[in-house]
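Thanks for making time this morning. I would like to walk you through one structure, going from the whole chain down to a few residues, so please keep the display in view while I talk.

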Amino acid sequence: MINKKLLSFAPGALRYVGVNVVFQWMGLLWNVIFVRAVARLVGAVFAGTLTSRLLWQNLALCLCSIPFRFVFTMLSSRMSHEASKDVKGTLRSRIYQKLVALGENYTETVATSEVVMLASEGVARAFLHDAPFLLLDEPTSDLDSLNEGIILRAVRSECRNKTMLLVSHRRSTMAAADLSFSVENGRLS
């Protein structure tokens, strides 16, 4: 579920959250129907009052409820995904606007935590366009190993369905890749 504070950045995402809640309630309703049918069957078996009609009615309810539960769960997940996509897009555009406002010639001595924040924003800027292919050239070159790990986890989670070409001199950075190649003495291995 999305953090409520994040929804303030993208009020349009609220419509997805509202529909998500409706789908969750519908899924819950079908869960209740399923559990009630199973409870009736179990109760009738232990009470010795199970009839053919009761058996078929409750089996039919159980079998009908399964696809409905699945559909409403999938729809709820989809709405949650759409809401988070809206929020992420808004946050990315705001980060991008911040970076553009800084300009190309922006220089300042900064603390390590600020470098990590800027590196995060630089990586986020790459994700802003939601392109299927990303080229990241030394995205963590100025970071220590702890902060490099934080950035690489974010890159890995954002690039699950994307092709990413990652160029780095650090083996630790390349560990984030599914497939890596090394160039040494002009030879590709």
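Let me begin with the surface: the protein exposes about 13200 Å², and carbon and sulfur atoms supply 62% of that area, where accessible areas come from the Shrake-Rupley method with a 1.4 Å probe and, for residues, only the protein chains shown count as cover. This is a predicted model, in which local features need pLDDT of at least 70 and side-chain atom pairs count only at pLDDT 80 or more, while totals for chains, interfaces and linings use all residues. Residues are numbered from 1 along each chain as its sequence is written, and side-chain values use heavy atoms, with hydrogens and water left out.

How confident is the predictor in the protein? The mean pLDDT, which is the predictor's confidence in each residue on a scale from 0 to 100, is 76, and 74% of the residues reach 70 or more. Confidence is highest in helix α2, at a mean of 91, and lowest in helix α4, residues 112–128, at 53. Over residues 109–118 the pLDDT stays under 50, and for that stretch the model has eight contacts beyond four places in sequence, a contact meaning heavy atoms within 4.5 Å.

As for the overall layout, the protein has six helices and four strands, and from the N terminus on they run α-α-α-α-β-α-β-α-β-β. Helices here are DSSP runs of H or I with at least four residues, and strands are runs of E with at least two, numbered from the N terminus. Of the 189 residues, 25% count as buried, meaning under 20% relative accessible area with a 1.4 Å probe and protein chains only, whereas exposed means over 50% and partly exposed lies in between. Among contacts between residues at least 6 apart in sequence, 72% join residues at least 24 apart.

Now to helix α2, residues 14–47. Its 34 residues should span 50 Å at 1.5 Å a residue, and its end C-alpha atoms are 49 Å apart, which agrees; the expected span is 1.5 Å times one less than the number of residues. The buried residues of α2 include Tyr16, Asn20, Phe23, Gly27 and Trp30, whereas Val45, also in this helix, counts as exposed at 51% relative accessibility. After the helix comes Gly48, whose phi is positive, near 75 degrees.

Which residues does Gly27 touch, once its neighbours within four places in sequence are left aside? They are Arg69 and Phe72, and the C-alpha atoms of Gly27 and Arg69 are 5.0 Å apart although 42 residues separate them in sequence. Gly27 itself has a relative accessible area of 9%, so it is buried.

Ser76, in helix α3, residues 52–102, is likewise buried, at 9% relative accessibility. Beyond four places in sequence, Ser76 is in contact with Asn20, Phe23 and Gln24. The side chains of Ser76 and Asn20 are joined by a polar contact of 2.4 Å, that is, a pair of N or O atoms within 3.5 Å in which, within protein, one must be able to donate a hydrogen and the other to accept it, residues adjacent in sequence counting only if both atoms are side-chain atoms.

Finally, the cysteines. A search of the whole structure finds zero disulfides, a disulfide being a pair of cysteine sulfur atoms within 2.5 Å. The sulfur of Cys62 has its closest cysteine sulfur in Cys64, 9.5 Å away, which is too far for a bond. Cys62 counts as buried at 8% relative accessibility, while Cys64, at 41%, counts as partly exposed.
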